[in-house]
Amino acid sequence: MIPKIILGKGSRATRRTIGYLFGKGRANEHIDPHLVASWNSFAPDPGRSPHRSQKDVEDQLAAQLDQPVKMLGDKAPKDTVWHCPVRAAPEDPILTDAQWADIARRIVAAAGIAPEGDEEACRWVAVRHADDHIHIAATLVRQDGRRPQRDYDQRAVQREARQIEFDYELRRLQPGDGTGAKRPTSKEHFKAKRLGQDAASRETLRLRVRRAVAAASSEAEFFALMEATGMNVRPKAEPSGDVTGYSVSLPGDVNKQGEPVWYAGSTLAGDLSLPKIRQRLADTGPEPAAVPPGNPWHCATAATERIPHHLTHDDEHVAQGQLVALGAALDLLPLTAPTAVKAELEWAAVTFERATHSRITADLDSARVLRRSVQAIWHNPAAMGDGSGLAMLLDAALTAVAFARHWHRTRQHSQQEAAAEQALVHLQAAYAHVAEPVLAGLAQRAPSTQTKHRFARHLQQAVPQHAERILNDTAWDALATVLAEAEAAGHNAATVLDQALDQRTLDDAHSPARALTWRIRRLGERHAPGPRAQAARARSATRSSTTPAPPVAATIPTRVPPRRR
């Protein structure tokens with residue numbers, strides 16, 4: 001349930017508000033407008049007065065609401081109208097008029113407009129003109145001539161809305177920290193519905209701008225990418241010629257005068273203002289060896305696998321920077337993905353966007369490799385044509401998003417935690433669709449039973465706590481295949497398995513067998529060491545096994561990330 005407070009000013013503010021509430025609406029969306037509650041329970045109802053002109057009843061109602069304001073004359077406040085639409089979620093049950101009346105009384109009491117039992121409180125009405133919402137309109141002078149005590153009324157009504165959701169068993173929204181992007185207004189929602197659009201223009205523009213930011217390496221490229229995606233772009237230039245901002249619009253999205261409806265970047269989301277984008281491009285811009293040479297899917301996956309470590313070991317600013325980079329990666333992935341999973345990946349990106357914002361300043365320096373690797377994928381998505389590149393990256397992203405959910409939970413970021421939870425659902429659906437064919441293809445090339453037994457013995461020695469789970473996993477045949485292929489390419493299978501195990505703990509992997517399959521696939525495609533190098537590595541391992549262990553004080557403590565639940 002979403003309440004939103006709007007203030008009105010001017011001598012005719014009350015009459016304009018009443019006229020709108022009982023009118024047809026800007027898109028003829030008002031159906032059967034009528035009162036469900038009022039300050040005295042018997043205010044005139046323009047929607048239920050068949051024997052009188054509706055305009056006359058609207059005038060009468062506005063006059064009664066305005067009476068305390070008019071009594072103050074020149075001493076009346078600047079803002080005279082308090083207008084609060086209250087909307088239920090689409091999946092909520094349809095509430096009765098009596099239920100909406102109770103909700104309206106609780107909202108005005110929480111806001112300080114009409115505290116319960118206060119007979120001298122402000123005058124107000126609640127109008128219903130659709131199944132899913134009401135509008136509360138009040139005048140901001142009490143009947144005793146004083147001003148209402150409505151300090152922090154926006155926070156107060158949000159708190160009350162959370163309690164109403166619980167009491168009426170409605171969809172429960174999470175309390176926010178003020179860092180989320182602005183939601184589309186009711187007017188924008190109705191306009192999108194009228195035009196047959198899947199989303200409001202504000203949401204479409206925000207996603208396109210975020211993708212342009214994720215893909216761009218420079219400010220010039222950012223502006224070029226925005227224009228390439230079909231947006232109208234209008235830079236904001238000062239008299240000196242310096243560009244200090246920008247606005248965007250969608251072709252065909254016009255107002256009543258036929259003019260484009262422009263949205264400044266800062267109104268789409270706080271991090272989409274031009275100064276914030278410039279800072280982000282500077283912090284994550286190219287630098288020497290920013291992306292190690294090799295397959296960009298492998299580099300992006302390795303960088304994503306390190307995100308849980310950053311979230312559990314580094315400071316909050318680095319962790320926040322990793323979440324921003326992960327969000328940018330998810331923004332670009334749908335553009336390179338097969339058609340069958342584009343929708344799920346787009347939903348994952350849209351929902352996870354909320355998890356990239358908090359009041360913690362992001363340090364983006366550590367996220368350069370992930371950002372540049374994903375950009376390289378975007379420029380050349382065919383580098384892993386069989387789908388294994390996307391599958392291994394999504395496997396790593398699932399663990400990273402699960403850690404993001406836990407990171408936000410420990411900091412009581414309720415909305416961000418819920419966003420990460422929703423993103424996981426979409427990522428899991430996309431991952432299953434992409435990974436199953438790849439794993440099935442690998443399993444069909446599984447090595448002989450004797451070879452599998454040899455790999456199993458080393459697995460039991462190297463990681464006994466996970467061996468049984470891995471050997472019983474449906475992905476075991478695929479894992480055996482990539483081990484055999486690495487061996488055929490000149491690698492030592494046991495050494496490659498040890499390297500894969502050393503990369504990251506398997507404690508938090510949702511499927512250790514699959515995680516090892518993707519890691520060994522990456523390691524196996526690297527250039528195999530020659531015979532001399534392998535012999536030297538074997539001699540080094542032998543010497544290490546006979547060298548006494550260092551004293552405890554000399555060892556570096558390691559911290560294992562918490563298990564996923």
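Helices (H or I, at least four residues) and strands (E, at least two) are DSSP runs, numbered from the N terminus. You're looking at a predicted model, where local features need pLDDT of at least 70, side-chain atom pairs count only at pLDDT 80 or more, and totals for chains, interfaces and linings use all residues. Residues are numbered from 1 along each chain as its sequence is written, and side-chain values use heavy atoms, with hydrogens and water left out.

Start with helix H9 (274–283): with 4 residues, H9 gives the most to the lining of the second largest pocket.

Next, pick Phe222, Phe223 and Tyr246, which form one aromatic cluster. Rings of Phe, Tyr and Trp (its six-membered ring) pair if their centres lie within 6.5 Å; planes under 30 degrees apart count as stacked, over 60 as edge-to-face and the rest as tilted. The structure holds 3 aromatic pairs. One of them joins phenylalanine 222 and phenylalanine 223, edge-to-face, at 5.4 Å centre to centre with 65 degrees between the planes. Phenylalanine 223 sits in helix H7 (residues 219–228) and tyrosine 246 in strand S8 (residues 243–249), so the pair ties together parts 23 residues apart in sequence.
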